[in-house]
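The following note sets out numbered points on the structure shown below.

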Amino acid sequence: MPSETVEHLREWLQENGVAPEDYIVSVFNTRDVVLLAEDHAIKHNLLLAQALIPRLHKAGVYTLGMEFGASEDQAALDALVGVSGPAGNYDEAAARRLMFNYNTGWAFKEYMDLYRVAWAFNRTRPAHTQPFRILNLSYRYNWRMSSPVRTPENTRLVFPKGNTEPYRAEIIRREILDKGEKVLVLTGTIHAFTRYAPPVFDYLSPGFYRLEEGYMGQTLYRMAPDRVFTILLHQPFDSRLNGAAQLVYPANGVLDAVMQGLGNRPVGFDLVGTPMGNLPDGSFFATGYPDFTLSQLADGYVYTMPFDRFEGCTVDDAFMTSENWSEAQANYPDPHWHKPPDTPDEYWTLVRSYADIAQRYARLHQTPD
């Protein structure tokens, strides 16, 4: 891209970009459900979500929805953070149990610290105001029933309450939309798409792909298109030619080049109808979309820092113990992604490997393919 175009984008951002916290909160002036699309286990994204809690409450947003949490434990979570009664002493062991109940391998401190931050805020929130709530959007899966070959029958045993995407959307409809409330939802990127339908490899379809329209964000958008907004947190994209085997920079690297000239300062900005949103992107997301641009992917964007500064979440060494090891192993999530650990040492190797962002992003390339 010509240097004068990059300079124009920098000028536009200097005039229109705002601090990420200010940007995210401002979206609630016109929307009720804001989907914050994350690459999982990135420390600064969780710290941003934690810092937002008092700002959200002041703006009349009293709920943070989180993919990582089981609805069966909502009453216990409400008690932990002080929603269903006065917040007593913080119970760190209870926080671990709640996360363990949902995902026996999710030993990442910054996710559980969202509970602690909500608890601390509720202890000192302004008198006669609504408590701040963490809303669990998933349920307990039974990975013990997983089989080497997936069939409708054994998948129903793993997911006894059905497909997770409509399940999550239904919780938001019932707890937020129907009550005229507002919520910030922290979720994996694929679940946060609304207007955009991601490609899925399909040998029987023309061009060997189809466009998927069944995710949580898309379901919410069909329910209430004027009330839902997606913000993409800065992250690499899968490659168009090599898929997840190779990562590429968003917007063919132009976005990062623009931000480098601005000192890589964190900034939030709209994508729809803006020069930044008009940036072409040649990643896997462009499959099936001629002349694909960032604005087709999401409504807004938050740039935090360059990828070489990303850190993984802190591993909580007390999450798995000799007392819960057998449960951790038996219900370790999705054996189709990786073989469940045979030993506690193997368990911790898997957990630490996922939080090793330098290793995870070693596949990152500057160019689209």
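1. The model is a predicted one. In it, the axes of helix H4 (residues 74-81) and helix H6 (residues 109-124) approach within 8 Å and cross at roughly 50°. H4 is therefore oblique to H6. On the H4 side the contact involves Leu77, Leu80 and Val81, which meet Tyr115, Ala118, Trp119 and Asn122 of H6. By class, the residues of this contact comprise 6 nonpolar, 1 polar and no charged.

2. Seven-stranded sheet. An open sheet of 7 strands is ordered E3-E2-E4-E1-E7-E11-E10, and its pairing is mixed. Strand E3 (133-138) and strand E10 (267-270) are the edge strands, each pairing on one side only. On average, and with direction ignored, neighbouring strands of this sheet are turned by 25° against each other.

3. E1 and E4 are parallel and share 6 bridges; glutamate 38 has glycine 188 in E4 as its bridge partner. E2 and E4 also run parallel, joined by 3 bridges, and methionine 66 stands opposite leucine 186 in E4. Strand E7 (residues 228-233) and strand E11 (residues 300-303) are parallel too, with 3 bridges between them; here isoleucine 231 is partnered by glycine 300 of E11.

4. Helices on the sheet. Helix H3 (residues 43-58) lies across strand E1 (33-38), strand E4 (183-188), E7 and E11, and runs at about 170° to E4. H4 also packs on the sheet, where it touches strand E2 (63-70) and E3, and its direction makes about 160° with that of E3. E4 itself is mostly covered, with 6 of its 6 residues buried.

5. Burial of H2. Which residues of helix H2 (residues 20-27) are buried? They are Pro20, Tyr23, Ile24, Val25 and Val27. The elements that cover these buried residues include E1, H3, E4, E7, E10 and E11.

6. Three-stranded sheet. A further open sheet, of 3 strands, has the order E8-E9-E12 and mixed pairing. Its edge strands are strand E8 (237-239) and strand E12 (364-365), each of which pairs on one side only. E8 runs antiparallel to strand E9 (residues 243-248), and 3 bridges join the two. Aspartate 238 stands opposite leucine 247 in E9.

7. The structure holds 31 aromatic pairs. In one of them, the ring centres of tyrosine 196 and tyrosine 289 are 5.2 Å apart and the planes stand at 35°, so the pair is tilted. This pair links distant parts of the chain, 93 residues apart: tyrosine 196 belongs to the loop between helix H9 (189-192) and strand E5 (199-201), and tyrosine 289 to the loop between E10 and E11. Tyrosine 196 counts as buried because its relative accessibility is 2%. Tyrosine 289 has a relative accessible area of 19% and is therefore buried; the cut-off for burial is under 20%.

8. An edge-to-face pair. The rings of tryptophan 325 and tyrosine 347 have centres 6.4 Å apart and planes at 85°, so this pair is edge-to-face. It too links distant parts of the chain, with tryptophan 325 in helix H12 (residues 325-330) and tyrosine 347 in helix H13 (residues 344-354), 22 residues apart. Tryptophan 325 and tyrosine 347 are both buried.

9. An aromatic cluster. Phe68, Tyr102, Trp106, Phe108, Tyr111, Tyr139, Tyr141, Trp143, Phe159, Tyr167 and Tyr354 together form one aromatic cluster.

10. Arginine 227. Leaving aside residues up to four places away in sequence, arginine 227 touches Arg31, Asp32, Val33, Ile176, Leu177, Gly180 and Glu181. Aspartate 256 lies 29 residues from arginine 227 in sequence, and their C-alpha atoms are 30 Å apart in space.

Terms used. Residues numbered from 1 in each chain as written. Predicted model: local features only at pLDDT ≥ 70, side-chain atom pairs only at ≥ 80, totals over all residues. Heavy atoms only, no water. Axes fitted to C-alpha atoms, helices over the stretch in contact; angles between N-to-C directions. Helix = DSSP H or I, 4+ residues; strand = E, 2+ residues; numbered from the N terminus. Parallel < 35°, antiparallel > 145°, perpendicular 65-115°, else oblique. Contact = heavy atoms within 4.5 Å. Nonpolar A, V, L, I, M, F, W, Y, C, P; charged D, E, K, R; others polar. Pairing = 2+ DSSP bridges. Phe/Tyr/Trp six-rings, centres within 6.5 Å; stacked < 30°, edge-to-face > 60°. Buried < 20%, exposed > 50% of the residue type's maximum accessible area, 1.4 Å probe, protein only.
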